[in-house]
Amino acid sequence: MKKILFVTSEAHPLIKTGGLADVSGSLVKALAELGEDVRIIMPNYQAIKTTEEVRYISTIYVYNCAVNILETRLPGTEVIVWLVDCPEFFNFPGNPYVDVHGKPWANSAERFTLFCRVAVEVAMNRSYLDWKPDVVHCNDWQSGLVPALLSLEYSRPATVFTIHNMAYQGVFPRSTYQSLNLPGQLWNPNGIEYHDMLSFLKGGLIYSDRITTVSPTYAKEIQTEDFGFGLEGLLSHRKHFLSGIINGIDMDQWNPETDTNITATFNRVTLHKKALNKIALQERLLLPVDKKIPVLGLISRLVEQKGIDLILDCLPEMLEQPLQFVLLGSGNKGYEQQLHNFAESHPDKISITIGYDETLAHLIEAGADIFLMPSRFEPCGLNQIYSQRYGTIPVVRKTGGLADTVVDTLADTLNDNTATGFVFSEASQGALMEAIKRALILYDHPKTWKRLQTNGMRKDFSWAKSAKQYMNLYGHL
Ligand code: ADP
Ligand code: GLC
């Protein structure tokens, strides 16, 4: 059994803005079930929600700042969570990265530097918790300074750094670096300096013993100019320490047989009951109720990564088809406005919900027939996996984890029952529209459609295999 300190800025169900929270919550659960002693450390944001007891366990001092460490459990599990409690940084409404108006926190660098410093104290067993990890597993830029700071320690635990998204790097001006009082040794081009700026992500990529990312295809892509966001050289230099481990999902939470968020539960045998969720979805979103019409769904952060511009380009042509389109998401205000305009002029065909709504997300997965995910890049992606579990056929672009988890529908993949969706390559309106049309044509062939649905529903997307890959990795360190 290994002792693992899992450092993350979000974990479901305590707090979530995206897939990192899903992965943090479900991966640690899987590791704990496999016998690892894994504990989470994360900031104590005001927005954290828990039904479990939270108790004070210690106070430590980092840079003249008194920080309390609180202990709780990941709801519904025995997994210990340590909350870094520093009210002057974290006791504000908003989410981990932006305030209630959607504006990034002006003091993000200070907040996550403090968080990393505390994680290092815990990792070095200097915070009165009487527990020293064998491995510190960090995630994304918010924890990037942990491997960097640990590299300066004698007798330190091993470090793993997982990249969930190369597009977010935590880059700040040199003046911020100077105000943070970070050790001078780290400031060099082979350290956390990036073109005369401070890069948290580089801290993780340079100093960790192993780097992983969340799909094998993305592990290759990020070594190229198109996906490396300026760090492709560094990643290909460290390629022998870099691997891709595909994300699993929480099989209990995203289970159409037991999901309490949906109107009618179903499985492969009772697949006909899926239609009741479609009706409930249409009723809830005030769309004409029609069991026959194909419903296309999309749930996403509305950012460039997700190919929302391609959707906007396709909408006029989609409107010529007999279909309904439902979208749930928030993000870029320009996208939100353009989507709203479409919905206003076609209320019988398009429903746009701006905001964050977990219940509706489950109902869309259960009620839609087709799920759109035309991402320009996608490290792993979870909704295309949830879709397959709910008999909702994904239409995805061939990139990152989408390429690794969806099998395109072709003559041979239909024959051997491996086809689960529709995959297109070029990030263009034409290619996306063609894939949507291919899906719509097959939707009119119920027998074949059902085969696609059951092929996806049969697949094993649990953490079983991937959690063991992480354990192997920890074991080699
Ligand atoms: P990313 O982490 O890049 O946002 P993923 O596909 O890995 O993409 O994970 C996104 C997660 O966030 C999924 O669980 C998805 O259902 C959820 N999600 C995204 N937007 C919303 C929203 N507006 N309301 C509810 N859940 C959302
Ligand atoms: C990131 C990626 C997404 C991935 C998630 C969890 O947010 O954008 O593709 O699924 O992290 O690893």
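Predicted model: local features only at pLDDT ≥ 70, side-chain atom pairs only at ≥ 80, totals over all residues.
Local features here need pLDDT of at least 70, side-chain atom pairs count only at pLDDT 80 or more, and totals for chains, interfaces and linings use all residues. Residues are numbered from 1 along each chain as its sequence is written, chains are lettered from A and ligands numbered from 1 in the order in which they are written, and side-chain values use heavy atoms, with hydrogens and water left out.

Start with the domains. The chain is assigned domain 1 (3-248 + 463-476) and domain 2 (271-458). These bounds come from an automatic or database domain assignment. The C-alpha centres of domain 1 and domain 2 lie 32 Å apart. Domain 1 puts 21 residues into the contact and domain 2 puts in 18 residues. Contact means heavy atoms within 4.5 Å.

Now go inside. A nonpolar core is a set of buried Ala, Val, Leu, Ile, Met, Phe, Trp, Tyr and Cys residues joined through side-chain atoms within 4.5 Å. Buried means under 20% relative accessible area, exposed means over 50%, and partly exposed lies in between, with a 1.4 Å probe and protein chains only. In soluble globular proteins, nonpolar side chains tend to be buried together. The largest nonpolar core has 122 residues, and Met42 and Leu205 touch the most other members. Helix H3 (residues 108-123) gives the most to this core, with ten residues. Both domain 1 and domain 2 give residues to this core, so it lies between them. Helices (H or I, at least four residues) and strands (E, at least two) are DSSP runs, numbered from the N terminus.

What does methionine 42 contact, leaving aside its neighbours within four places in sequence? Its contacts are Thr8, Glu10, Ala11, Leu14, Ile15, Ile48, Val81, Trp82, Leu83, Val84 and Phe115. Another core, of 39 residues, lies apart from the largest one, and its members include Ile311, Ala431, Leu440 and Trp449.

Helix H11 (residues 308-318) has these buried residues: Ile308, Leu310, Ile311, Leu312, Cys314, Leu315 and Met318. Their cover includes strands S13 (295-302), S14 (324-331), S15 (350-354) and S16 (370-373). It also includes helix H12 (333-345) and helix H17 (429-443).

Ligand 1 comes next. It has 21 residues around it, and Gly19, Asp22, Arg301, Lys306 and Gly355 come nearest. A residue is near a molecule if one of its heavy atoms lies within 4 Å of it. An N or O atom in the side chain of lysine 16 is 2.9 Å from an oxygen atom of ligand 1. For glycine 19, a backbone N or O atom lies 2.7 Å from a ligand 1 oxygen atom. Arginine 301 has a polar side-chain atom 2.7 Å from an oxygen atom of ligand 1. Taken alone, ligand 1 exposes 560 Å², and the protein buries 93% of that. Accessible areas come from the Shrake-Rupley method with a 1.4 Å probe. Helix H1 (19-33), S13, S14 and helix H14 (383-389) each give two or more residues to the shell around ligand 1. Strand S13 gives the most, with three residues.

Ligand 2 is surrounded by 13 residues, the closest being His164, Asn247, Glu378, Cys380 and Gly381. A polar side-chain atom of asparagine 165 lies 3.3 Å from an oxygen atom of ligand 2. A polar backbone atom of cysteine 380 is 3.0 Å from a ligand 2 oxygen atom. For glycine 381, a backbone N or O atom lies 2.8 Å from an oxygen atom of ligand 2. Alone, ligand 2 exposes 310 Å², of which the protein buries 92%. Helix H1 gives the most to the shell around ligand 2, with three residues.

Some single residues remain. A cis peptide bond joins histidine 12 and proline 13, with omega about 5°. Proline 13 sits in the loop between strand S1 (3-7) and H1. The loop between H3 and strand S6 (135-139) holds asparagine 125. Its phi is near 55°, a positive value in a residue other than glycine. Asparagine 125 is partly exposed, at 30% relative accessible area. Tyrosine 128 is also found between H3 and S6, with phi near 65°. Tyrosine 128 counts as exposed because its relative accessibility is 66%.

Is threonine 159 buried or exposed? Threonine 159 is buried, with a relative accessible area of 0%. Its place is in strand S7 (residues 158-163).

Technical notes: Polar contact = N/O pair within 3.5 Å; in protein donor to acceptor, adjacent residues only side chain to side chain.
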